Amino acid sequence: MEGDEINPILRGYLITIEGLDGCGKSTQARLLSSYLKGKGYPVLVTREPGGPPISEKIRELILDRSHPEMVGLTELFLYLASRSQHVAEVVKPALQKGFLVICERFIDSSVAYQGYGREIGAEVVKGLNRVATQGIFPHLTFVLDISPKLAWERVRGCRSPDRLESQGLKFYERVREGYLALAQEEKRVKLIDGRGGVRQIGEEIRQIVNDFLKERRRENNEK
Ligand code: TMP
């Protein structure tokens with residue numbers, strides 16, 4: 001996924017936050033956003049599935065518990081449809097304007113949940129992702145790693161599970177396996193121990209983002 005043809009003519013950077021349900025990604029997205037805004041960067045926080053109105057409507061359909069009959073491929077294509085609209089309407093324009101875009105979930109969720117969880121296959125999903133995103137890939141990805149058991153307990157403890165969350169422990173085990181594989185395969189994917197405290201995780205993320213931005217500035221010969 002890393003290569004010359006990806007991320008054409010973008011001035012901004014895309015940072016994605018991933019992990020099993022209940023891993024704390026919304027909190028970390030918020031923390032990172034206020035930190036970067038404080039440093040003067042233009043920041044946009046968004047999420048998948050969702051973002052623009054069409055993508056939010058698709059989100060409702062995907063997560064609706066009254067459709068247990070939805071097959072894995074339908075689910076995958078709905079996530080991809082939501083993503084292509086989100087990229088076209090929100091992510092790409094913001095990156096072209098030079099924003100740091102922080103997105104909760106993106107292509108790797110489809111690889112982990114549909115590719116591994118639903119057993120559709122990682123390579124199939126990666127290929128379709130490439131089409132849906134017009135070749136836009138995250139520059140940096142954080143996977144907040146928690147155990148499938150903890151994810152399952154957190155989700156059950158705080159609200160009634162949506163259609164995907166109702167899949168159970170075995171499903172979450174496959175999804176985690178997918179995230180671990182991505183972290184092994186792709187340099188941009190950073191595995192963070194999600195069992196740490198909110199502050200400690202936030203600090204770890206900030207450190208990596210700062211190093212990343214410093215390196216980009218150096219490449220661009222900026223101060
Ligand atoms: P959220 O609760 O983190 O907003 O995500 C909603 C659910 O959608 C979550 O269980 C993960 C799932 N999901 C996928 O299965 N594939 C995807 O591509 C995305 C973006 C989310």
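How much accessible surface does the protein chain have, and what share of it belongs to carbon and sulfur atoms? The accessible surface comes to about 10,800 Å², and 52% of it belongs to carbon and sulfur atoms, where accessible areas come from the Shrake-Rupley method with a 1.4 Å probe and, for residues, only the protein chains shown count as cover. This is a predicted model, in which local features need pLDDT of at least 70 and side-chain atom pairs count only at pLDDT 80 or more, whereas totals for chains, interfaces and linings use all residues. Residues are numbered from 1 along each chain as its sequence is written, and side-chain values use heavy atoms, with hydrogens and water left out.

The protein chain holds eight helices and five strands, where helices (H or I, at least four residues) and strands (E, at least two) are DSSP runs numbered from the N terminus. Read from the N terminus on, the order of these elements is β-α-β-α-α-β-α-α-β-α-α-β-α. The radius of gyration is 17 Å, close to the 17 Å that the globule rule gives for 223 residues, so the protein chain is as compact as a globular protein of that length; here the radius is taken over C-alpha atoms, and the rule is 2.2 Å times the number of residues to the power 0.38. Along the principal axes, the C-alpha atoms fill a box of roughly 55 × 35 × 30 Å.

Of the 223 residues in the protein chain, 48% are buried, a term that means under 20% relative accessible area, with exposed meaning over 50% and partly exposed in between (1.4 Å probe, protein chains only). If one takes the contacts (heavy atoms within 4.5 Å) between residues at least 6 apart in sequence, 80% of them join residues at least 24 apart. The mean positions of the 35 positive and 31 negative charges lie 5 Å apart, with Lys and Arg counted as positive, Asp and Glu as negative, and His and the chain ends not counted; the place of a charge is NZ of Lys, CZ of Arg, CG of Asp or CD of Glu.

The strands can be followed through their pairings, where two strands pair if DSSP finds at least two bridges between them. Five bridges join strand E2 to E3, and these two run parallel, with Val-45 having Ile-102 of E3 as its bridge partner. E3 in turn pairs with E1 in the parallel sense over five bridges, and here Ile-17 has Glu-104 of E3 as its partner. Strand E1 (residues 13-19) also pairs with E4, again in the parallel sense over five bridges, and the partner of Glu-18 in E4 is Val-143. E4 is joined by five bridges to strand E5 (residues 189-193), which runs parallel to E4, and Phe-142 stands opposite Lys-190 in E5.

In a regular strand the side chains alternate between the two faces of the sheet. In E4 (residues 140-145), six of six residues are buried: Leu-140, Phe-142 and Leu-144 lie on one side, and Thr-141, Val-143 and Asp-145 on the other. E3 is likewise mostly covered, with five of its five residues buried; Leu-100, Ile-102 and Glu-104 point one way, while Val-101 and Cys-103 point the other way.

Thr-133, in the loop between helix H5 (122-132) and E4, counts as buried at 0% relative accessibility. Leaving aside neighbours within four places in sequence, Thr-133 is in contact with Arg-83, Val-87, Phe-106 and Ile-107. Trp-152 belongs to helix H6 (residues 148-158) and is buried, with a relative accessible area of 17%; its C-alpha atom is separated by 6.5 Å from that of Leu-169, 17 residues apart along the chain.

Most residues other than glycine have a negative phi, and most peptide bonds are trans. The peptide bond from Glu-48 to Pro-49 is cis, with omega near -5°, and Pro-49 is placed in the loop between strand E2 (43-47) and helix H2 (53-63). Arg-105, not a glycine, has a positive phi of about 70° and sits in the loop between strand E3 (100-104) and helix H4 (107-117). Glu-119, in the loop between H4 and H5, has a positive phi near 60°. Arg-105 is buried, with a relative accessible area of 10%, whereas Glu-119 is exposed at 59%.
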